[in-house]
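Let's take a friendly walk through a protein model, one feature at a time. Keep the structure open beside you and look up each residue as it comes along.

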Amino acid sequence: MKIIVTGGAGFIGGNFIHYMLSEHPEDRIVCLDKLTYAGNPETLAPVIDHPNFSFSRGDIADRDYVFDLFSREKPDAVVNFAAESHVDRSIEDPGLFLRTNVIGTGILMDASLRCGVRRFHQVSTDEVYGDLPLDRPDLFFTEQTPLHTSSPYSASKAAADLLALSYYRTYGLFVTISRCSNNYGPYHFPEKLIPLMIVNALRDEPLPVYGKGENVRDWLYVVDHCRAIDLILRDGRAGEVYNVGGHNERTNLCVVEEILRRLGKNPDLIRFVTDRPGHDRRYAIDPSKIKAELGWEPTTGFEEGIGRTIDWYLGHREWWERILSGEYRDYYEKMYGDR
Ligand code: NAD
Ligand code: TYD
């Protein structure tokens, strides 16, 4: 199988490419990535010389480029990770999220129809369901939960999901969608909660916790997500949505305290800062469907996964230290300067 993986220089796409080349070395992977601030060629350095891997720099919202690449490569399948992915940035610049996440997904599907792609997998998020109340631990997102978005990011992902389902129904494109909870693990850009807190703690910088730190996320180790996508890509049913999550709910404060404890750092580093506007309270996934249909279950619990993740950041200082310069510094000053 030849697979175009978009957004493969980012966090989950990069982990997915490493996973696929190790689990299915017979498959050919073509990574399409624009290399925005979030795309890092160093994430792909371990596979760059693999005989079944190639890289193409380009924009999924550039129709001519995408059509040209697809007609040259003639992929069997497409997995679309490429996206603007950070909620806080979407509050600052929603238009960019519409362009990449919605228009870009549409262009990828047009090219897929034109070139006879057999399977198109859209990587979505549990954030399309909105949030759950903190005082109802009995409630979970199922695939039937209505879409009810809170941020420009989640609204753009929901729009892309609906567009993808329309391409299945109207044009017969073989579309599958996964909606996963928050991922963590190696190669995670240090603007998201877990890598930001690890990196700041290692540098004895303050740890900015929004509001009271009581919001809840359902954390999944990234390799478990990659395995779920691989299963859906091979055996998922056309036009179906699969929720992916591992019942690893934690409050943000609990996650941050755990990181400090493991690094032997002082909890005084925590700073409670102004809350995010429209901040979703709780995400929690019911993964029964993917378990029943595809036999997927998470294999890495939070204790093990956070330990591995911290070890990775300790062992890959050069990867994240290089990021903490230039554009990142300006971003950090803008977002946290007078918060
Ligand atoms: P990321 O921000 O780390 O990586 C995104 C990648 O897409 C980068 O390599 C970037 O260069 C590339 N990209 C951005 N715009 C592009 C464009 N116009 N054309 C081509 N490439 C472009 O994101 P991530 O955290 O790895 O998330 C990947 C996907 O998974 C996203 O679609 C996201 O919505 C979804 N998702 C993420 C999480 C999470 O916890 N991170 C959870 C569920 C779903
Ligand atoms: P994030 O990693 O941005 O993922 P998402 O918003 O997509 O769930 O944030 C995870 C949680 O951590 C979310 O509730 C917001 C919170 N958060 C902080 O408290 N401080 C921070 O500096 C960041 C980036 C996030």
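Three nonpolar, 4 polar and 4 charged residues make up the lining of the largest cavity. For this count, Ala, Val, Leu, Ile, Met, Phe, Trp, Tyr, Cys and Pro are nonpolar, Asp, Glu, Lys and Arg are charged, and the others, Gly among them, are polar. The lining residues are Val87, Glu127, Ser150, Ser151, Arg217, Arg276, Pro277, Gly278, His279, Asp280 and Tyr283. The space inside is about 50 Å³, and a search of the whole structure finds 1 cavity of 30 Å³ or more.

What do these words mean here? On a 1 Å grid over the protein atoms alone, a cavity is a set of points where a 1.4 Å probe fits but cannot get out; a pocket is an open set with protein on both sides within 12 Å along at least five of seven lines; and lining residues have an atom within 4 Å of a point. Grid points are joined across faces, edges and corners, and a volume is the space filled by probe spheres set on the points.

## How to read this model

This is a predicted model, in which local features need pLDDT of at least 70 and side-chain atom pairs count only at pLDDT 80 or more, while totals for chains, interfaces and linings use all residues. Residues are numbered from 1 along each chain as its sequence is written, chains are lettered from A and ligands numbered from 1 in the order in which they are written, and side-chain values use heavy atoms, with hydrogens and water left out.

## The second largest pocket

About 320 Å³ of space lies in the second largest pocket. It has 15 lining residues, and the closest to its centre are Asn200, Glu205, Tyr332, Glu333 and Tyr336. By class, the lining has 7 nonpolar, 2 polar and 6 charged residues.

Which helix gives the largest share of this lining? It is helix 12, with 5 residues. Strand 13 and helix 12 (327-336) each supply at least two. Helices (H or I, at least four residues) and strands (E, at least two) are DSSP runs, numbered from the N terminus.

Helix 8 covers residues 252-263, and its end C-alpha atoms are 17 Å apart. After the helix comes glycine 264, with a positive phi near 65 degrees.

Several residues of helix 8 are buried: Asn252, Leu253, Val255, Val256, Glu258, Ile259, Leu260 and Leu263. (Buried means under 20% relative accessible area, exposed over 50%, and partly exposed in between, with a 1.4 Å probe and protein chains only.) Among the elements that these buried residues pack against are helix 6 (193-202), strand 13 (270-273) and helix 10 (302-315).

Now look at isoleucine 310, which sits in helix 10. Is isoleucine 310 buried or exposed? It is buried, with a relative accessible area of 4%. Leaving aside residues up to four places away in sequence, isoleucine 310 touches Ile198, Ile259, Arg262 and Leu263, where contact means heavy atoms within 4.5 Å.

## Salt bridges

How many salt bridges does the structure hold? There are 28, each one a side-chain nitrogen of Lys or Arg within 4 Å of a carboxyl oxygen of Asp or Glu. One of them joins arginine 322 and glutamate 42 (3.3 Å, N to O). This pair links distant parts of the chain, 280 residues apart: arginine 322 is in helix 11 (residues 317-323), and glutamate 42 is in the loop between strand 2 (28-33) and strand 3 (53-57). Arginine 322 is exposed at 51%, whereas glutamate 42 is partly exposed at 29%.

Another salt bridge joins arginine 227 and aspartate 224 (2.7 Å, N to O). These two are 3 residues apart in helix 7 (residues 222-235), so about one helical turn separates them. Aspartate 224 is buried, with a relative accessible area of 1%.

Glutamate 249 and arginine 282 also meet in a salt bridge (2.7 Å, N to O). Here glutamate 249 is partly exposed at 28%, and arginine 282 is buried at 2%. Salt bridges that share partners also join Arg250, Glu258, Arg261, Arg262 and Glu303 into one network.

Methods: Expected span 1.5 Å × (residues − 1).
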